[in-house]
Amino acid sequence: MQLITLQSEQIKVTISSKGAEIQSIRDANGIERMYNGDPKFWASRAPILFPVAGGMKDDGYEWQGQWYPMPKHGFIRFLEWQVEDIKKNQVTFLLQEKNEGFPFEYDLRAVFTVEGNKLDVNYAVTSRDERPFCFSIGSHEAYATPGGIETYEVVFDEEETLAHSLLEGALNTHDTVIVKDHAKVLPLKYEYFAVDALVFRSLKSRGVTLRSTEHNRTIRVDYPDCPFLLLWTKPSAPYICIEPWCNGPDFVDAPKEIDRKPGFTRVEKGQTVSKRHVITIA
């Protein structure tokens, strides 16, 4: 395992080659803005979810008449990635791992670029397989909320009807609960996460800002390529995950065919598909 550090005058970012997972983002004052991975609450910090984010009905999918097993959040987040390229402000990690659930030839690159107070995160999937295949990808960054989440709020770019899609295990039902209506600001409460995550499947906003009622530090996440957004924490934990996903959790009655599931992208040999989000520290 390697730890790679990228730095500007405003932020210092450390990323592990295990999972290509962000370990730390410190601001210009040296304040840690990422959760520290305390196993008392959750031992991860920012796993990459591939080739699916969330759970699939029956823990798998069908593609071109064949069944493939696939666990929740895919299979790559604990694997060792190759450091393909590194510059002063950018690192590219490469993964080519396959298994029985995803037996395709591909290059997955995670490119992290630091510019000013921004961390640009770009995932690029290139097919090298003679067969077409389908994939999705998601992010699961956990941001530090010292003292707990209830002095923090999430500010949406647009006024939203915040309709949370209810979960049954790892799957969405077709029931929703309006967490807040005609609102741009969602004050965070642990009660929202008693079951699991808040799942927003139909937001207009393509960016959100995490801010505190007790200090003026903020974290902004822009997710132009991700239609789904989840928020998640555990009871009394000092972090909130802001999770842009390309797909949503399967519905309880989802079709088994992966190309009928919303948010999955089909790629042909030689094709590259990129998905990007940007984290801004202020």
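Reader: What volume does the second largest pocket have?

Author: The second largest pocket has a volume of about 180 Å³. Keep in mind that this is a predicted model.

Reader: Which residues line the second largest pocket?

Author: H164, L166, L167, V177, V179, E191, Y192, A194, V195, D196, A197 and L198 line it.

Reader: And which elements give two or more residues to that lining?

Author: Those are β14 (152-168) and β15 (171-187). β14 gives the most, with three residues.

Reader: How does the lining of the second largest pocket split by class?

Author: Nine nonpolar, one polar and two charged residues.

Reader: Now the largest pocket. How much space lies in it?

Author: About 260 Å³. The lining has 20 residues, and K72, H73, H140, D196 and W232 are the closest to the centre of the largest pocket. D196 is also in the lining of the second largest pocket.

Reader: Which elements give two or more residues to the lining of the largest one?

Author: β19 (228-232) and β20 (239-245) do.

Reader: What classes make up the lining of the largest pocket?

Author: Eleven residues are nonpolar, five are polar and four are charged.

Reader: Back to β14. Which sense does its pairing with β17 have, parallel or antiparallel?

Author: Antiparallel, over five bridges, with β17 covering residues 207-212. Within that pairing, V155 stands opposite T209 in β17.

Reader: How many bridges join β14 to β15?

Author: Ten, and the two strands run antiparallel. E153 stands opposite P187 in β15.

Reader: What sits between β14 and β15?

Author: Two residues, and the strands form a hairpin. G169 in the turn has a positive phi of about 65 degrees.

Reader: I'm looking at N172. Where is it found?

Author: N172 is in strand β15.

Reader: Is that side buried or exposed, and why does N172 count that way?

Author: N172 counts as buried because its relative accessibility is 0%.

Reader: What does N172 touch?

Author: Leaving out residues up to four places away in sequence, N172 touches S165, L166, L167, V199, R201, P249, D250, F251 and V252. Two of these, L166 and L167, are also among the residues lining the second largest pocket.

Reader: How many bridges pair β1 with β2?

Author: Five, in the antiparallel sense, with β2 at residues 11-16. L6 has V13 as its bridge partner in β2. For Q7 the bridge partner in β2 is K12. The hairpin joining β1 to β2 goes through three residues.

Reader: Which residues are on the covered face of β1?

Author: I4 and L6 are on the covered face. L3, T5 and Q7 are on the uncovered one.

Reader: Buried or exposed, N117?

Author: Buried, because its relative accessibility is 19% and the cut-off for buried is under 20%.

Reader: What is N117 in contact with?

Author: Q10, I11, I279, T280, I281 and A282, leaving aside neighbours within four places in sequence.

Reader: What about phi of D58?

Author: Phi of D58 is near 65 degrees, a positive value in a residue other than glycine. D58 is also in the loop between β4 and β5. At 57% relative accessibility, D58 counts as exposed.

Reader: And what phi does Q64 have?

Author: A positive one of about 50 degrees, although Q64 is not a glycine. Q64 is in the loop between β5 and β6 (66-69). Q64 counts as exposed because its relative accessibility is 54%.

How values were computed. Residues are numbered from 1 along each chain as its sequence is written. This is a predicted model: local features need pLDDT of at least 70, side-chain atom pairs count only at pLDDT 80 or more; totals for chains, interfaces and linings use all residues. Side-chain values use heavy atoms; hydrogens and water are left out. On a 1 Å grid over the protein atoms alone, a cavity is a set of points where a 1.4 Å probe fits but cannot get out, and a pocket is an open set with protein on both sides within 12 Å along at least five of seven lines; lining residues have an atom within 4 Å of a point. Grid points are joined across faces, edges and corners, and a volume is the space filled by probe spheres set on the points. Helices (H or I, at least four residues) and strands (E, at least two) are DSSP runs, numbered from the N terminus. Ala, Val, Leu, Ile, Met, Phe, Trp, Tyr, Cys and Pro count as nonpolar, Asp, Glu, Lys and Arg as charged, and the others, Gly among them, as polar. Two strands pair if DSSP finds at least two bridges between them. Buried means under 20% relative accessible area, exposed over 50%, partly exposed in between (1.4 Å probe, protein chains only). Contact means heavy atoms within 4.5 Å.
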